[in-house]
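Here is my note on the local features of this model. Please read it with the structure open.

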Amino acid sequence: MADTLDNLESRPPEQRERELMARLPQLVARAKAAAGWSRILRDVNATDIHSRAALATLPVTRKSALHALQKGQPPFGGLNTTPVAQLGRVFMSPGPIFDPEGRGKDWWRFARPMYAAGVRPGGLLQNCFSYHFTPAAFMVEGGAARIGCTVIPAGSGQTELQVQAISELRPDTYVGTPSFLKIIIEKARELGTDIGSIKHAMLGAEALPESLREWFAAHGVPHVLQMYASADIGSIAYETSSGGVRVPGMVLDEDVILEIVRPGSGDPVPDGEIGEVVVTVFNPDYPLIRFATGDLSAILTGADASPCGRTNIRIKGWMGRADQTTKVRAMFVHPSQVHEVTRRHPEIVKARLVVSGSMAQDVMTLHCEVAEPDGAGAADLGASIVESIRDLTKLRGEVVFAAVGSLPGDGKVIDDVRDYK
């Protein structure tokens with residue numbers, strides 16, 4: 001018998017496809033009752049949308065457009081079908097972008113990736129995603145409640161307290177970013193503290209290179225799996241294992257229809273080709289139809305059926321961004337934020353944000369063309385720009401001045417040169 005959360009994960013692919021397509025017209029009809037979707041889908045007859053071909057004729061709504069949509073019709077751009085007063089929580093992600101959470105059980109659909117990562121009823125997990133404004137920690141809380149395990153709401157930061165909690169409470173699972181798990185392990189080694197109870201880790205929000213997986217295994221965390229989620233959608237896909245061996249690719253969530261499209265368009269690409277991830281999500285409170293994430297991936301082709309027992313489509317995982325948005329220490333940084341820095345400081349003629357370093361050691365440096373890079377007021381200007389970077393991105397950044405005309409003319413606003421090897 002397959003070791004899955006429920007039998008939806010192991011149903012025949014043809015049955016899954018048939019059932020998803022049967023649900024599409026009701027999803028579109030429900031969405032059209034919301035003011036925002038009514039505008040986007042104004043010429044669409046919901047009863048006609050009952051196949052992938054029909055779905056592909058609908059307009060794409062891009063994550064990058066959410067800020068403008070929400071400014072025009074706060075707080076959610078009219079995309080919510082449940083009134084704000086009936087929601088459970090409202091989150092604020094950088095941008096700002098506001099994300100709702102309804103009151104339904106496991107609203108973010110996190111029980112599946114957590115179960116695949118080894119979380120079981122009666123277990124104890126240390127939840128190291130942030131509880132501050134953004135929803136990741138609450139995604140974990142919902143999944144844990146459905147599975148029936150206990151949560152240590154550790155949040156992020158306070159590394160020595162994290163080590164102490166693991167040492168004394170003995171959780172079996174860590175959930176959070178890979179970089180923070182590495183920091184915790186290093187701090188425990190520095191303090192000579194035993195945190196060997198952690199045998200499973202479900203990681204997300206950052207890249208997870210193979211070298212870091214090997215490092216975790218060498219430092220006592222042998223079962224490390226990654227999931228792919230977003231603050232708008234919740235769980236999209238997740239890694240699985242069979243017999244302790246990681247299965248290639250990521251299994252798609254059961255309430256998500258995936259399309260891989262040519263970046264900048266809504267046209268699906270052939271299976272196996274890299275393109276932008278577009279999802280349609282069956283969420284009763286916040287339905288998303290052809291929602292373009294800005295992430296790149298590809299459908300895994302030519303692979304045998306997954307030995308884990310799950311039969312859904314697998315993707316290759318996160319393969320970069322279709323735009324220049326990047327993620328630094330689990331926070332998205334957008335080109336628009338760089339432009340806002342330059343708007344606040346008219347002394348900047350041109351700016352380019354360079355993200356460098358390696359896992360757990362990300363460095364953001366804003367290279368600014370100014371008229372007098374070595375002028376008398378450069379230090380004060382630099383300090384002021386640093387404050388603007390922190391205010392707009394919620395991250396630390398450095399500033400380097402350059403002569404006017406010296407930055408590359410390649411159109412890049414954000415240049416990610418990190419080395420994950």
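**Notes on local features**

1. Arg290 counts as buried, because its relative accessibility is 1% (buried means under 20% relative accessible area, exposed over 50%, partly exposed in between; 1.4 Å probe, protein chains only). Arg290 lies in strand β15, residues 288-297. Its phi is positive, about 50°, although Arg290 is not a glycine.

2. On the source: this is a predicted model, in which local features need pLDDT of at least 70, side-chain atom pairs count only at pLDDT 80 or more, and totals for chains, interfaces and linings use all residues. Residues are numbered from 1 along each chain as its sequence is written, and side-chain values use heavy atoms, with hydrogens and water left out.

3. Glu276 sits in strand β14, residues 275-281. (Strands are DSSP runs of E, at least two residues; helices are runs of H or I, at least four; both are numbered from the N terminus.) Glu276 counts as buried because its relative accessibility is 4%.

4. What does the side chain of Glu276 make a polar contact with? The partner is the side chain of Arg62, at 2.8 Å. (A polar contact is a pair of N or O atoms within 3.5 Å; within protein, one must be able to donate a hydrogen and the other to accept it, and residues adjacent in sequence count only if both atoms are side-chain atoms.) A polar atom of the Glu276 side chain also lies 3.0 Å from the backbone nitrogen of Gly294.

5. Check the cis peptide bonds. One joins Pro74 and Pro75, with omega about 0°. Another joins Gly95 and Pro96, with omega about -10°. Pro96 is in the loop between β2 and β3 (97-101).
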